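Subject: Predicted model for you to look at

Dear colleague,

I am passing on the structure below, together with notes on what was found in it. Please have it open while you read.

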Amino acid sequence: MTNKTGQHDAGRLQDKDERIYQALMNAIVEHQLPPGSRLPEEALSGVFGVSRTGIRKVLQRLAAVQMVALTPKRGAQVATPGVDEAREIFITRSLIECGNLPAVLAHLQPPHLVALEQLIAQENQAHASHDGPAAIRLSAAFHIQLQAISGNQVLTGMVTSLTQRSSLVIAAYGAPWQRGCRCDDHATLLHQLRARALHPLTEALQHHFDHIVSSLHFERSGETLPDFSRLFAADFGAVS
């Protein structure tokens with residue numbers, strides 16, 4: 001039987017694994033670890049203060065959601081979506097998110113509009129402050145929160161995953177200044193939500209995705225080795 005001490009230690013280890021997973025996921029989604037970045041187990045083990053086995057498990061989780069590529073003899077790298085995959089990600093998002101709008105409108109309440117308006121204001125502030133990571137995070141949050149209004153948790157989970165992969169696409173093929181979505185597009189979507197106009201709302205969301213894809217250059221970035229200590233020292237501290 002496992003004693004309470006053993007259960008406690010196992011729980012702490014799972015919590016730390018989850019924190020490392022979220023830290024790496026956030027760094028990838030927020031373009032602090034761009035596509036092609038090498039993720040050596042030894043370097044990450046030193047930064048996070050866990051074994052290489054622990055890091056390997058986290059990297060395998062990230063690979064399972066297609067945020068990291070694991071290659072024999074080359075190790076782990078932040079995934080670089082191919083051109084076809086990049087287009088398909090946004091085609092899939094358009095199909096799912098536009099198709100779910102009738103359910104969104106059916107469940108829409110005034111507090112939902114207030115919450116989305118607040119997200120847009122925060123996103124505008126992030127752009128004004130040149131805070132790229134925050135702009136990316138808030139842009140994704142707008143889409144996730146919009147779809148969550150429908151109450152469909154399975155679909156919301158799919159949109160969450162697709163927004164993460166979309167961020168990889170934008171990091172790989174977007175212009176250097178491109179951070180998340182255009183705030184004015186989100187404001188247009190909010191306006192159509194207030195009007196509860198399904199057809200104009202659907203057209204606005206489709207145009208939004210079309211604009212993102214048309215702005216991509218489909219030029220791959222090179223392989224890099226990031227400064228992991230700088231990225232993660234604040235939360236985890238360097239291991240002496």
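Helix α7 (residues 132–148) and helix α8 (residues 153–173) pack at an angle of about 160°, with 9 Å between their axes, and that makes α7 roughly antiparallel to α8. Here axes are lines fitted to C-alpha atoms, for helices over the stretch in contact, and angles run from 0 to 180 degrees between N-to-C directions; angles under 35 degrees count as roughly parallel, over 145 as roughly antiparallel, 65 to 115 as roughly perpendicular and the rest as oblique. The crossing of α7 and α8 is right-handed, where right-handed means that the near helix is turned clockwise from the far one by less than a right angle, and left-handed that it is turned anticlockwise. On the α7 side, Ile136, Ala140, His143, Ile144, Gln147 and Ala148 meet Leu155, Thr156, Val159, Thr160, Thr163 and Ser167 of α8, contact being heavy atoms within 4.5 Å.

Before going further, please note that this is a predicted model, in which local features need pLDDT of at least 70 and side-chain atom pairs count only at pLDDT 80 or more, while totals for chains, interfaces and linings use all residues. Residues are numbered from 1 along each chain as its sequence is written, and side-chain values use heavy atoms, with hydrogens and water left out.

As for the protein as a whole, there are 11 helices and 2 strands, with helices (H or I, at least four residues) and strands (E, at least two) taken as DSSP runs and numbered from the N terminus. The order of the elements from the N terminus on is α-α-α-β-β-α-α-α-α-α-α-α-α. Of the 240 residues, 45% are buried, where buried means under 20% relative accessible area, exposed over 50%, and partly exposed in between (1.4 Å probe, protein chains only). Among contacts with a separation of 6 or more, 78% come from residues 24 or more positions apart.

Helix α8 also packs against helix α4 (residues 83–99), at an angle of about 145° and with the axes 10 Å apart, and this crossing is left-handed. The residues in contact include Ile89, Phe90, Arg93 and Ile96 of α4, and Met158, Leu162, Val169 and Tyr173 of α8. Leu155, Val159 and Thr163 of α8 are among the residues that touch α4, and they are also among those that meet α7.

Turning to helix α2 (residues 41–48), the buried residues there are Glu41, Leu44, Ser45, Val47 and Phe48. They cover an arc of only 165° around the axis (taken from the directions from the helix axis to the C-beta atoms), which puts them on the same side of α2. Just after α2, Gly49 has a positive phi of about 70°. The axes of α2 and α3 come within 9 Å and cross at roughly 105°, and the two helices are therefore roughly perpendicular to each other. Their contact is made by Glu41, Glu42, Leu44, Ser45 and Phe48 of α2 with Arg52, Ile55, Arg56 and Leu59 of α3.

The strands β1 (residues 68–71) and β2 (residues 75–78) run antiparallel and are joined by 4 bridges, two strands being paired if DSSP finds at least two bridges between them. Leu70 stands opposite Ala76 in β2, and in the hairpin, which has 3 residues between the strands, Lys73 takes a positive phi near 75°.

Two loop residues other than glycine may also deserve a look. Gln66, in the loop between α3 (52–64) and β1, has a positive phi near 65° and is partly exposed, at a relative accessible area of 42%. His130, in the loop between α6 (110–128) and α7, has a positive phi near 55° and counts as exposed, at 73% relative accessibility.

Lastly, Ala187 belongs to helix α9 (residues 183–195) and is partly exposed, with a relative accessible area of 37%. Ala187 and Glu117 lie 70 residues apart in sequence, and their C-alpha atoms are 7.9 Å apart in space.
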